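Hi there,

Here is the structure I promised to pass on. My notes on it follow just below.

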Amino acid sequence: MGPVRVSYVETEHKGGTRFKLYPQLPSLDQQHEPETVWVSSPAGSLMPGPADHRMYVIDPVGKEKAYGYYPGPAGSTFHYRPPWPGTILEMAYPDPDGHFDHLDVDTFQFQQAHAFGSIRFTMDIWERYFERPLEWHFQDYYDQLEILFLRGLDNAFAGFGSIEIGSYTSKKTGDFVEFGLSFDILSHELGHLIIYKEIGLPGTVEVDGEYFGFHESAADMVALISLLHFDSATVGLLENSRGNLYSYNRLNRFGEVSDNYQLRSAANDKTLYDFADGWTYEHNLSQVMTGALFDTWVDIFHENLLDAGLISQSLEDLSDRMEGDPDYEAVIQPLFDEAYAENPGGFADALIASRDYMGFALAAIWERLTIETLDYADVYETFIEVDQDMTRGRYSRIIHTNMRRRGIGIIKAGPRLTPPDEKSHAFSDRTATPMGACDCCRPGLPYSIRRELARNS
Ligand SMILES: [Zn+2]
């Protein structure tokens, strides 16, 4: 691994609390070491659980079903929701200095700390981008988010007052996957909660079908941008690609360097034209928006490399000219290998700068969107406005190109082809308010299926 000099994690180290998290990137076969990260909670301030004033983790014993709406007596509906009143497994305790990085990775307590650390770390990152504390959409009812385990549930849900964490066994490999150890999934679920609060709940108003694709896409972007706050993820991505993300993206090669779900899902070539006749799963529809945002990010990263003199204009031009050429790899990759070897730290700085541009831009876009009018064209238009405010439109050409290439701003997705069933993700009664105002949100598409979809896309 080359010498990379920058420090990537902006979280305040001084006085924060240490956790060990698995970033999952890059990983194709090997079991990785967890990485130490710092969250903003002052050392010594976290309670056993872990818990703080915004969230707590519990590991229930004997909880048989997920929170949600269930039929009650005489045709009534019962809203099963936090807090869990029963017995729980032993909680994770901090070390004498208040940190949680001392736990044995094979214990339930490590998983509990990992779940808290992943969600807290993601929240710190997005509070920096929003430049203010994030609130819960359920805060009139609960001060704290309940993060709880329901092992065997092939999913993880962001719901009304809770994030519920399952696990699954891969049919192909027989591997048992604990979602509590997946930063990807936990970070994605917090992404859903951010959007519910910032943009609103479906079901309370009439929403465009593209809202559901947008929602999934936003959750994926939250997870992806958060992932690139791990040193090992950033360095791993650069070391594997030597900074040639352009080629990795166009050739959809991320699957070769990482089994990271978010990254595989982001690098796709889906367009709105593919959904002109309609759509079934919002996850598939979401890939259009995620792909457009990801392409934009990659183009801005390359723009940053050019500006810093880390790659030459002639390399950029050659790369453009040779797109689709069978010799592309053979010609372009060695030039990137050479440029990257000259200054890996500079490449890392450029990647971080583009990551932060996307984080600040997305937070600003989400603040401006309103649920009533939200569709992909609205996101595109708002992105252009935000870029105007942030950079005086420096990236507007890149945004226009990547959005229009996907058909965004040109056509709209057709209707939802099947009524939302229990596989639909954002349509889950878990986000409904206790007032019963909305019929949104049923159990999400199981992760084993979502991963399958991502692999086949
Ligand atoms: Zn989701």
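Let me begin with helix H2, which has 17 residues and spans 24 Å from its first C-alpha to its last, close to the 24 Å expected at 1.5 Å a residue (the expected span is 1.5 Å times one less than the number of residues). Helices here are DSSP runs of H or I with at least four residues, strands are runs of E with at least two, and both are numbered from the N terminus.

Two notes on provenance. This is a predicted model, in which local features need pLDDT of at least 70, side-chain atom pairs count only at pLDDT 80 or more, and totals for chains, interfaces and linings use all residues. Residues are numbered from 1 along each chain as its sequence is written.

Back to H2: 15 of its 17 residues are buried (20 or more other C-beta atoms, placed from the backbone, within 10 Å of their own), so H2 is largely enclosed by the rest of the structure. Just after H2, glycine 200 has a positive phi of about 115 degrees.

Now the sheet. Four strands make up an open sheet with mixed pairing, in the order E3-E6-E8-E7 (strands pair if DSSP finds at least two bridges between them). Strands E3 (55–58) and E7 (156–158) are at the edges with a single partner strand each, so one side of each has no neighbour in the sheet. E6 (residues 145–149) and E8 (residues 162–165) run parallel and are joined by four bridges; glutamate 146 stands opposite serine 162 in E8.

Happy to chat about any of this!

Best wishes

Methods: A residue is buried if 20 or more other C-beta atoms lie within 10 Å of its own, exposed if 12 or fewer, and partly exposed in between; C-beta atoms are placed from the backbone.
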